[in-house]
Structures are given as structure tokens and as C-alpha cells.
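Here are my notes for you on this one. Keep the viewer open and click along as you read.

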Amino acid sequence: MASNFGNWQEALDNLVKETVVSENWSEFDLLKNDNSRIQFILSNKSLMNIEWLKVYLDNSKLFHQKSSHKALEYKNKGNQYFKKKDYKTAIQYYTESIIHAPVDEGQDLALAYGNRSAALYYLQYFQECLSDIQLAMDAGFPEESFYKLYQRRSQCYYGLKKFDMAESELLKAREYLDNQKALIGDKKYDNLLKEMKELELNTIEQKKVKIETPVDIKCLNVPCVSYGNSDVITQASSAVDIKYNTQQGRYLVANDDIKAGDTLIVEKPYSSVLLPDHYTTHCHHCYKQLTLTVIGCRRCTVVRYCGNQCQQESWTQYHNIECSYIDLLHSVGIAHLSLRTILTAGLQFLNGFIKDNKDIHTNNIPGLNQEKQYGRDYSTVYNLLTHSDEMTSLDLYQYSLTATLLLVILIHSNWFHKDKDMDITTKRHNHDSATNLIQNKAAVNADKLPSKSKKDSLDFSESTSNIDDKKALDGTCGTGAKHKMNSPSNNQEPNGDYNKNELKTSAKYVDALCLEESESEVICNNILGNSHEDDNSNVKAQVALSEIGIDKDMLNIGGLLLRHIQQLVCNAHAITELQASVDPLSSSALVDEMSQVRVATAIYPTASLMNHSCDPTIISSFQGDLLVVRAVKNVEKGEEIFNCYGPHFKRMIRSRRQEVLKTQYFFSCSCKPCTDGKKDDVQFDAMVCGKCKGCIDTQLDVPCCIDCGERESIHDRKIREEINTLYQHAMTSIDHSDLKGAMESLKPCLELCNKYLHENNRLKASVEDSLARCYAMSGDYKKSLKHLENSIKVTELLYGNQSIELAYELQKMADILFNVKKPEKCLQIVNTAEEIFLIHFGENHETVKELNEMKVCLLEFINAKH
């Protein structure tokens with residue numbers, strides 16, 4: 001089967017096309033449980049048709065290996081920029097050297113850490129410098145140069161005003177320097193000694209006149225739920241209770257009055273996966289943005305961590321298995337999270353879980369443990385509904401193929417047969433040492449092997465909410481046959497030009513070292529076979545699993561992988577973070593555009609309990625992977641607490657909401673905005689009727705006036721097209737730093753909007769907002785303020801006076817009022833914006849802190865003026 005090397009999505013599409021026209025399809029269509037579906041895929045050897053899969057697995061240990069050559073190359077580039085005193089660029093190259101340096105081979109890693117610590121010191125990142133110094137020593141920095149690290153450490157402590165520690169480190173530096181005097185040479189020794197004595201004198205002087213003060217470390221304030229934790233729902237507030245019935249499934253209610261701003265859930269995910277687009281910017285384990293002191297995986301050059309703890313936890317929990325297959329897992333897409341869930345639970349636990357038969361009938365409310373609590377254990381994940389009865393056979397077949405692929409990866413990695421008494425890290429290190437020997441002999445260009453999925457169809461990992469029982473989430477997961485395990489967008493395209501002979505040659509070296517095939521390799525070979533043997537036959541004879549070598553435990557794990565894939569369609573949460581997109585035309589903070597950016601995908605079992613409403617009760621935010629759920633409106637005792645799975649009544653018309661929720665999430669919404677009988681508010685997308693001056697509903701298939709019935713004219717349609725064209729030209733001009741061009745498009749665009757669009761049309765408001773940004777960038781804050789005020793009026797009508805959209809617009813207005821020296825008005829706007837931010841994000845949010853700082857400045861200015 002021809003498909004790009006490592007591109008699972010393309011291979012999956014080909015398999016599906018082949019199977020639906022075969023006689024096997026009717027047999028699969030009759031299957032009723034997950035284990036039987038996995039058994040069907042295995043016994044028919046469906047994966048055998050993917051000609052590159054066996055080659056990929058045989059060579060998987062050769063991908064993304066460390067390289068002393070590359071590490072040295074990056075370090076030398078870093079040195080060049082260091083000499084130019086471009087320390088920030090030097091740090092970037094030193095970091096790449098750290099990522100590519102072999103861990104237990106030579107001194108490349110230690111030297112890269114040492115060099116990066118020097119660049120950090122010159123930028124006065126003293127704490128970060130100290131961290132790298134320790135990493136350099138741990139990695140085997142040359143002892144004859146230890147005096148450099150101890151001197152630098154002393155200088156850092158001096159900079160941090162920790163003078164006793166600076167003095168202590170300086171003594172060590174002197175000791176190592178004296179030991180190396182003969183090798184260093186008299187002149188260099190005298191210069192170094194002079195530097196150290198000068199630092200010593202300065203330290204002594206500072207100790208006399210200044211009291212040592214600790215460094216001010218910014219701590220992350222972890223939020224707590226309001227009213228204390230529930231005795232039943234351990235991640236939720238005691239003001240929240242869980243209910244269950246056959247119509248609504250599980251759902252949350254208020255067992256006491258809840259106020260807007262109350263924190264209802266604070267939850268760590270059971271399992272989660274960082275999206276590939278953020279591998280270079282976020283920690284692979286905790287998802288915090290990476291700082292200057294990045295460290296890498298011990299084996300591969302792909303993932304990065306914020307520190308040793310995340311690196312070690314990641315390796316122990318899942319990365320020791322995933323590391324070699326990471327490109328293939330990217331191509332799999334959100335199904336990667338199914339594998340991560342299995343690895344998080346662990347084989348021994350899952351075998352016991354299956355044996356104990358802890359299914360959804362164990363308790364009256366599915367997911368409660370023996371202590372009648374709903375926590376963060378595996379049973380809460382297992383009991384999320386799959387909606388398999390509502391899924392099409394085509395979807396189930398795709399999911400089954402993907403689950404079987406993940407099972408093959410687990411088998412190939414030897415996960416089922418690992419010696420439980422042997423340390424995982426040690427085993428992987430031993431294997432890597434053998435692989436390093438192979439690398440010099442194998443005719444493989446590792447840089448060409450990794451591939452990505454180049455398809456860009458719907459990926460349901462983009463959801464920002466969850467679904468459980470009859471519930472839904474963000475409308476981005478696709479429907480029916482559109483539920484595909486697509487890879488998130490990647491920078492690299494798949495490389496189909498691979499040399500299979502070279503890859504198989506590499507595999508021979510692996511086999512030569514292993515001497516004989518392991519049990520896991522035998523099983524994989526039985527599943528995958530040789531692709532060329534059955535090229536002329538689309539239908540494979542069924543074989544018994546015992547002939548393949550699959551045992552009951554493996555089949556059960558395959559069934560669980562498939563179960564979790566089905567659950568992810570409707571239960572996956574997107575971990576997001578608020579990021580500012582700085583306008584290329586200006587460095588002014590007031591023209592930054594804030595947006596929620598999807599960073600990772602996760603499973604939050606407690607948050608999944610909430611039913612959907614198009615007018616939700618709550619809003620979710622994140623601190624790393626920590627989910628914080630707050631009420632955005634008052635909830636009376638006994639009322640249900642609702643989430644929104646994407647189709648919000650302020651952002652989507654009713655017919656579209658119902659379509660999204662029915663086709664993607666298998667239910668019809670009966671929330672108040674969907675059933676109150678009121679027409680959708682069309683003014684926000686309306687044109688003005690030329691006949692009666694009423695509203696032309698442009699969302700209709702045939703736009704017409706809702707007051708007099710007059711249809712939209714050809715002239716009106718052309719006007720709408722012209723407005724959209726002008727607006728898009730303006731946005732393109734801004735993207736290309738062309739402020740003049742943007743203004744030339746926005747001004748006539750606004751004239752047309754004022755003449756033909758409803759005064760509350762959202763596009764007109766966007767034009768006003770864009771003009772406000774342009775005038776602010778040009779320094780004309782008075783004109784900017786005028787346009788922003790017009791935009792804010794529509795924002796408040798559209799989203800409400802407590803909406804987060806309004807809060808961000810008010811924050812921009814406060815910045816402009818500050819610049820036009822209107823402190824009293826500015827203070828009023830700041831107070832209003834702060835109230836909204838407090839409800840949505842709490843007092844520890846960065847924006848709330850910024851607004852508080854602005855309030856202090858404003859009050860000082862106002863008091864001084866009076």
C-alpha cells in the first residue's frame with residue numbers, strides 16, 4: 001500500500017477505502033464490543049497492508065538520536081555569538097547543543113551547560129545560571145576547569161546579595177585554581193587570582209554595610225475551591241453535588257447557593273498530551289512555558305523539559321515507551337492520549353482492574369470508588385461514556401485500526417514483558433548504548449526518517465470543553481466519518497522518499513546485536529508480516545490470535561485503547577493559555593490582541609460530569625495543566641451547573657448550534673436559549689433593509705428582512721462583499737506592517753458599514769476596533785478612543801456586561817485613557833474590568849495584578865493633582 005513513510009492518517013484512509021468494499025466489512029459491522037473489534041483487526045492482519053510500518057518499527061530506535069557532531073556544531077555557533085556579546089542568541093545555540101549532546105558519552109553536555117551558564121550570568125539571570133552550573137557539574141564538567149564554575153557561582157550569589165554563600169564558593173574556586181596553577185600558566189593564573197581577590201574584597205565590604213536578603217522568588221499561587229472540598233467529588237467544592245438518572249446521565253448541581261466568582265473545581269488531568277506545535281516552547285510534562293534553562297530527553301532530541309523533575313517523571317510514566325515512536329504518535333493525533341492513559345495507569349494495575357471487573361454497574365453512580373468517592377483514579381476515566389452505539393461503523397473501524405496500531409507499539413516496545421524488577425531507566429540506557437553502536441554502522445539518515453501527517457482535516461482534540469453521558473464539547477471534533485485521528489499541524493511535511501533497503505539494513509544490525517528475536521518482535525512480525533507477500537489480495541484469511549502470539553492481557557489492553565479513543569471524541573479537554581499577539585506595527589502593549597491558544601489535550605473526569613448549556617454557568621481556565629472552573633453567574637441551591645461545549649448562544653445561531661450538537665455529540669440541546677421561543681438576535685450580522693430600514697438577516701440561505709420580508713438585493717450582496725474585501729485587505733496590511741495601507745482600507749470600509757450595516761453589526765464593530773488599534777499605533781489616542789468606544793458598545797450588547805470579551809476591551813480602553821491623561825475615567829474603567837476578571841479568573845490572575853498596579857498609579861496621580 002503506497003503511503004508516505006510514517007503517515008498513519010494516509011495509511012488509515014487507504015485501509016478504510018479498501019475494507020468498505022470487501023466482504024469483511026459486513027462481518028465487522030456486526031461486532032458489538034471493543035475486544036471483538038480489536039480481534040477482528042488482528043486476525044485479518046489488516047495492518048499488514050501498510051508497507052512501511054514494519055520498517056518503521058524495526059528502525060524506530062534510530063530516530064532522533066543524540067549527536068556529538070551536532071552538539072559541537074551548535075556549541076561553536078553559540079561561542080561565536082558569545083564573543084559578539086549577543087548572549088541571548090548564544091543561549092539559543094547552547095540550548096540546542098544541550099538537546100543534541102549524548103548524555104553518557106563524552107563531555108559535550110557538561111560543556112554546553114557550562115557555556116550557557118556563562119551567557120546567563122552576563123544577562124544577570126543569576127538563579128538560572130546557578131541551575132546550569134549544577135547541571136554542568138552533574139553532567140561531568142572537566143574537573144580541571146571547576147574553578148570557573150565556582151567563581152561564576154560566587155558571582156551569582158554576590159548578585160543575589162547572598163554574600164556568605166558567595167564567600168564560601170569563592171574559597172572553593174581558589175582551591176581548584178591553585179590545584180591547576182601548573183597547567184594554567186603564571187600569567188593567566190595571576191589574572192584569575194586578581195579577579196577573585198577583587199570579588200572577595202567586594203563581598204567583605206557588602207557584608208559590612210548590607211544585610212543579606214533572600215532572593216524574591218515568584219511563587220505560583222495554586223487556587224483552592226470555594227467552601228472547602230467535597231467529601232464525594234474530591235476535586236470539587238463542597239457546594240457541588242453529583243446526581244444521576246438515565247435521561248441526563250451524571251450531572252452536577254449546587255447543594256448550596258453559589259455566587260459568581262466562586263471556584264467550583266480545581267483538577268489535575270488523569271492524563272494529557274502536549275501538542276507537537278509547542279514542543280519547543282513548553283515543558284513536555286507540565287506544559288509550562290520553557291525558560292532559558294531548558295533540558296532535553298536523555299535519549300531523543302524532540303522533547304524538552306523545564307527541569308530534572310519533569311524529565312524524570314515523564315520518562316518513568318510514559319516517555320520511556322513513547323520516545324522511539326514519537327513521529328508516528330504525532331501522525332496518530334488525539335488517539336495518542338489513549339495510549340498515554342494506558343501508560344499512566346500501568347499494566348499491572350490494568351490487569352487487576354480488568355480481573356476485578358470494575359465496570360459501570362459497580363455503584364449506583366458510575367465512577368464512584370469503594371469509598372463512594374469520585375476522584376482522580378482510573379475508574380473515573382473508564383466510566384466516561386463512549387457513545388459507541390451512536391457512532392457509525394466507519395468511525396468504529398477507523399478507531400479500531402488506530403487502537404490496534406497503538407497495541408502493536410506497546411508490544412513492539414516490550415511493554416508487556418518488561419522485567420518489573422529492573423529499573424526502566426537502566427534498561428533504556430543499556431538499549432541506547434547498543435543503538436549508539438549501531439548508528440555508526442547503519443546506512444540511515446535519521447534526519448529524513450521522521451514524518452508528519454500532511455492532511456489538515458478535522459481534529460477533535462481542539463475542543464475546549466468535555467462531554468459525558470449525553471453531553472457535548474466544543475464543536476471541533478467532526479462527525480461521523482470525519483472523526484479522524486489526524487496529526488495536529490506540524491512544521492515538517494512527511495518524507496515519502498525513503499530507501500527501504502537502507503532501513504532494513506539498519507534493522508539487520510539491530511538483529512545482529514540481539515542475536516535472536518524477542519517474543520515481542522515475533523508477535524509484531526506475525527501481525528505485520530511482509531508487505532510484499534500479499535500485494536495481490538485485499539482479503540486476508542482470518543487466523544487465531546494464538547497463532548499470532550496475542551494473549552488475553554494484550555487483547556484486553558487493545559480493547560481499553562479502543563474504549564478510550566471513543567471516549568476522547570466527546571470527553572477530551574483542550575488545555576489553553578492566554579497569549580498576546582503583539583501587533584507587528586507597534587510595541588505598545590495597548591494594541592496587543594489576547595487569545596486563548598490550545599497547548600495540550602487532556603482528560604479531566606470531574607469536569608466531564610457537567611452537562612451542556614448554550615448559556616453556561618461556568619468558565620474554565622488553566623495554570624499549566626491545572627484546570628480551574630469558576631462560576632460566572634449566581635446559582636441557587638438545587639440548580640444544575642452547566643458547561644458549554646462550544647456552541648454558545650452569543651456566538652452561534654440556534655439552528656447551527658443544534659446541528660453541531662446533534663451531529664457531533666449525539667443529542668439535541670434543550671437549554672433555555674434553545675427552547676424559549678425567541679428568535680435569534682440577528683442584528684449582530686444584519687444589514688439595513690433599504691425598504692423599511694429593518695434588519696436583513698444575512699444568516700439565512702436567502703437573506704431577507706425580518707420585518708417586511710424584502711429579499712436582499714444584488715446591490716446589497718455586492719456591498720457586503722466589498723466590505724469584507726476591504727476589511728481583509730486591512731488585516732493583510734497590518735500583518736505586513738503596512739499601517740498606511742491598513743488605514744486606506746479601513747476608512748472606506750467603515751463608511752460603507754455606517755451606511756449599509758446595522759449599527760450593532762459585529763463586523764462594523766471589528767472595523768471600529770481595528771481603526772482604534774491603528775490610531776493608537778500612530779499615537780493619535782483621542783481618535784483611537786472614539787473608535788474603541790463604538791466597538792465596546794457592540795461588544796457589551798453582544799456578549800453581556802459580565803463577559804470576558806468586554807473585560808479585555810475595557811482593559812484596552814483603560815490603557816488609552818491613561819495615555820490621554822484622563823485618570824478619573826481610567827480608574828472607573830479599571831475598576832469595572834477588574835470586577836469581571838475577578839469573576840472569571842480570580843485574584844491571582846496576571847491581568848488582575850496588572851490592573852491593581854495601574855490603580856495604585858492612578859490613585860497616586862489623582863491624589864497628587866488634588
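Predicted model: local features only at pLDDT ≥ 70, side-chain atom pairs only at ≥ 80, totals over all residues.

1. Which residues touch the most other members of the largest nonpolar core? They are Trp8, Leu410, Ile550 and Ile557, in a core of 170 residues. Helix α18 (residues 393-412) gives this core its largest share, 12 residues. There's also another core lying apart from it, with 27 residues, including Val820, Leu827, Val830 and Met854. As background, nonpolar side chains in soluble globular proteins tend to be buried together.

2. Now zoom in on Ile557. If you skip its neighbours within four places in sequence, Ile557 is in contact with Ile342, Leu347, Leu350, Leu407, Leu410, Trp415 and Phe416.

3. Is Asn571 buried or exposed? Asn571 sits in helix α23 (residues 552-571), and it counts as buried because its relative accessible area is 1%, with the cut-off for buried being under 20%. A polar atom of the Asn571 side chain lies 3.4 Å from the backbone oxygen of Leu385.

4. Just after α8 comes Gly140, with a positive phi of about 100°.

5. Stay with α8 and look at what's hidden. Its buried residues are Phe126, Cys129, Leu130, Asp132, Ile133, Leu135, Ala136 and Met137. Keep in mind that an α-helix has 3.6 residues a turn, so residues three or four places apart point the same way. The cover over the buried residues of α8 includes α7 (108-122), α9 (146-159), β5 (295-296) and α13 (308-322).

6. Next, the sheet. Three strands make an open, antiparallel sheet in the order β3-β11-β10. From one strand to the next, the twist averages 20°.

7. Finally, check the β10 pairing yourself. β10 and β11 (residues 626-631) pair in the antiparallel sense over six bridges, and Ile618 stands opposite Ala631 in β11. Lying across β10 and β11 is helix α31 (residues 823-841), which runs at about 125° to β11.

Definitions and conventions:
Residues numbered from 1 in each chain as written. Heavy atoms only, no water. Core = buried A, V, L, I, M, F, W, Y, C linked by side-chain atoms within 4.5 Å. Buried < 20%, exposed > 50% of the residue type's maximum accessible area, 1.4 Å probe, protein only. Helix = DSSP H or I, 4+ residues; strand = E, 2+ residues; numbered from the N terminus. Contact = heavy atoms within 4.5 Å. Polar contact = N/O pair within 3.5 Å; in protein donor to acceptor, adjacent residues only side chain to side chain. Pairing = 2+ DSSP bridges. Axes fitted to C-alpha atoms, helices over the stretch in contact; angles between N-to-C directions.
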